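Colleague: I have a model to look at and I am new to this. Can we go through it together?

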Protein chains: 2
Amino acid sequence: MRIAVDVMGGDHGCGVVIEGVKRALANDPKIAAIHLVGRQEDIQSALTAASVTDPRVQVVHASEVMAMDDKPTVALRKKKDSSMARTIELVAEGKADAAISLGNTGGILALATLKLRPLPGVERAGIATVIPAPDNEFVLLDSGANIDCKPVHLAQYAVMGHIYSREILGCQKPRVGLLSIGTEDNKGNELTQEAFKLCKQLDINFIGNVEGYDLFKNRVDVVICDGFVGNVVLKTCESLAVGMISMLKEELSRNPKRQLGAYLAQNALRAIKRRMDPEAYGGAPLLGLNGTVMKAHGSARERAIMNAIRITTETIQHQTNQIITDEIRRATERLAESKPAVPVTVPA
Amino acid sequence: MRIAVDVMGGDHGCGVVIEGVKRALANDPKIAAIHLVGRQEDIQSALTAASVTDPRVQVVHASEVMAMDDKPTVALRKKKDSSMARTIELVAEGKADAAISLGNTGGILALATLKLRPLPGVERAGIATVIPAPDNEFVLLDSGANIDCKPVHLAQYAVMGHIYSREILGCQKPRVGLLSIGTEDNKGNELTQEAFKLCKQLDINFIGNVEGYDLFKNRVDVVICDGFVGNVVLKTCESLAVGMISMLKEELSRNPKRQLGAYLAQNALRAIKRRMDPEAYGGAPLLGLNGTVMKAHGSARERAIMNAIRITTETIQHQTNQIITDEIRRATERLAESKPAVPVTVPA
């Protein structure tokens, strides 16, 4: 497997990314090549600093960097030599099997959609983020790619999320739920009510509507929603979890008695961190594209990068995109059969 | 002030509600009367059990109870003698100044909209829920009343949320933010992008788009969104906070060393509970109606009920509805002026 990594555009500089790459290479002999894409001089000095001498590493120079607040149009029209664009081009040209970037989501999505195109039958790519919960983990799809969704997009996300949960997270029969404002079948807005009817037709374990209350109670493995709602949920959860943990730290350090208590209970606090580890997956795939593209968090550090590469190799090995193509075709047929009079707006 | 309380329909029975009423009466001599609405025999035995002899308490019999899964149409067409309907009718008939119910939101909203009608100029009522954050608290509006919103509804929520934060939460110059998927002005879906333009015209401290990351970092006092997004956010936050706290308890009780640590640090854990107290407000008002209506959580216990009554009396005392009427009128004029060619769809 050959993986292209956009080493620029992360919050902590390319050295951190290259350190993560080093760990991934040490762990996985099946990686045939890693292309490090970015400013050559920056990469060379980071390689020297990290003492990386692995012959599988190849440097691909790109003169420009997408900033976090650059609009998607900048990626497409202005910064044609951005590390992000060059990374995705390596996949489009068949020189790499997958692309990983820490850069801004809008840019990655625009470039990947343009240069790789969606898989046959897929209407829109979606971002599948794995969110840790106390007793399980769940996939949130779409978590920010497709802001104004149509019902059929949500149905396709249900299919893709089901595949990702089964193939990559090892969930045998993932419970797929549609995020809504109540669990009854008729609850929801116009979009989810229509999507509900489509999801009911699919050959997946669709458990119906789920609400916010269900997310952290091990009741659902794949949560389907539009990219606006998903992005709000993702960021809200991160904000609340981080807020609660920093409040806990602050309160525990307030006086010597509490500090002693915290010292004695430190393994409990570590266990919580382990159970709710946001870096366990390091990257979220853009599912539905004709190529494997992984978006890593802008603030990803070494371990997150290493994990993002691991997830990427697993996504390739499981031939996830081939499975998505097959199952989307079958889903499209089922949806067309169930509504013979008014054809569903899915490409045949 | 005279307050009508629907004592049925909560998760813990009417005894808990009546206990909360008793505490509120003890705290607040300005309450002139509390109407307890529900099955007379249930109420009488609960009053006896709680030794309530306050002459300000009046019992209003209602033979039916709205169930949590009853649809709004049941409230309107079938259960005409529900405690929920009778409670709201007391306000409509001028026999009470405010209504409080723990029952299902859809039913309360349908009944209150039908029997009380919106305030002049207000297009849709919204639910304003106060969410505790580590270093502040914020109003989330709408948190579940208006599922398929129009831009002008969000702009009106911005006005009403601003008033509620200032008058009831004592926030001098509330920071009002539009919940979106990025902080840049152009981020959002079709709805929020249009609402953004309207909010910019308002005479409030509109800070622009906020995202999930901002919610628990003391960056915003009033968060505006449609009822679908708000309801998902509200329930997700509750689920995550409860999940994290039960995980903490579980890990802290796992062995004697951790238990000792937890014992020494117990004041830290109490401080966190105090700082993130979900019962501090007990109820969320339906803002924008011609009458004061408070929705309490179905699982509310004594303290939450007492606090819901406190917030209700404050809402009345501050003449919140009169202020909303005045400021909505001014907002409507501003929006009409800023778009002379294409009139904004706000009633004049």
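Modeller: A term to begin with: buried means under 20% relative accessible area, exposed over 50%, and partly exposed in between (1.4 Å probe, protein chains only). This is a predicted model, where local features need pLDDT of at least 70, side-chain atom pairs count only at pLDDT 80 or more, and totals for chains, interfaces and linings use all residues. Residues are numbered from 1 along each chain as its sequence is written, chains are lettered from A and ligands numbered from 1 in the order in which they are written, and side-chain values use heavy atoms, with hydrogens and water left out.

Colleague: Is Glu251(A) buried or exposed?

Modeller: Glu251(A) counts as buried, because its relative accessibility is 3%.

Colleague: Which side chains does Glu251(A) meet in a salt bridge?

Modeller: A salt bridge is a side-chain nitrogen of Lys or Arg within 4 Å of a carboxyl oxygen of Asp or Glu. Glu251(A) meets Arg254(A) at 3.1 Å, N to O, and Arg258(A) at 2.8 Å. Arg258(A) is buried, as is Glu251(A).

Colleague: And which residues are linked in a network of salt bridges?

Modeller: Asp135(A) and Arg275(A) are linked in one with Glu250(B), Glu251(B), Arg254(B) and Arg258(B).

Colleague: What does each chain put into the contact?

Modeller: Chain A gives 57 residues and chain B gives 56, where contact means heavy atoms within 4.5 Å. The two chains bury about 5200 Å² between them, 72% of it on carbon and sulfur atoms. Buried area here is the accessible area (1.4 Å probe) that two parts lose on being put together, summed over both.

Colleague: How are the two copies placed?

Modeller: Chain A can be laid on chain B with an RMSD of 0.0 Å by a turn of 180° and a shift of 0.0 Å along the axis. The copies are thus related as by a two-fold rotation axis. In chain A, the C-alpha nearest the axis belongs to Gly261(A), 1.8 Å from it. The superposition is by least squares on the C-alpha atoms of residues with pLDDT of at least 70 in both copies.

Colleague: New topic. What do the buried residues of H7(B) pack against?

Modeller: They pack against helix H8 (227-252) of chain A, and in chain B against helix H6 (151-167), strand S8 (176-179), strand S9 (206-210) and H12. Among the buried residues of H7 (residues 190-201) in chain B are Leu191(B), Phe196(B) and Cys199(B). Helices (H or I, at least four residues) and strands (E, at least two) are DSSP runs, numbered from the N terminus.

Colleague: Where is Asn321(B)?

Modeller: Asn321(B) lies in helix H12 (residues 320-338) of chain B. Asn321(B) counts as buried, at 17% relative accessibility. Its side chain reaches the backbone oxygen of Leu289(B) at 3.3 Å and that of Gly291(B) at 3.4 Å.

Colleague: One more. Is Leu287(B) buried or exposed?

Modeller: Leu287(B) is buried, with a relative accessible area of 2%, and its place is in strand S11 (residues 283-287) of chain B. Not counting residues up to four places away in sequence, Leu287(B) touches several residues, including Leu141(B), Met160(B) and Ile324(B).

How values were computed. A polar contact is a pair of N or O atoms within 3.5 Å; within protein, one must be able to donate a hydrogen and the other to accept it, and residues adjacent in sequence count only if both atoms are side-chain atoms.
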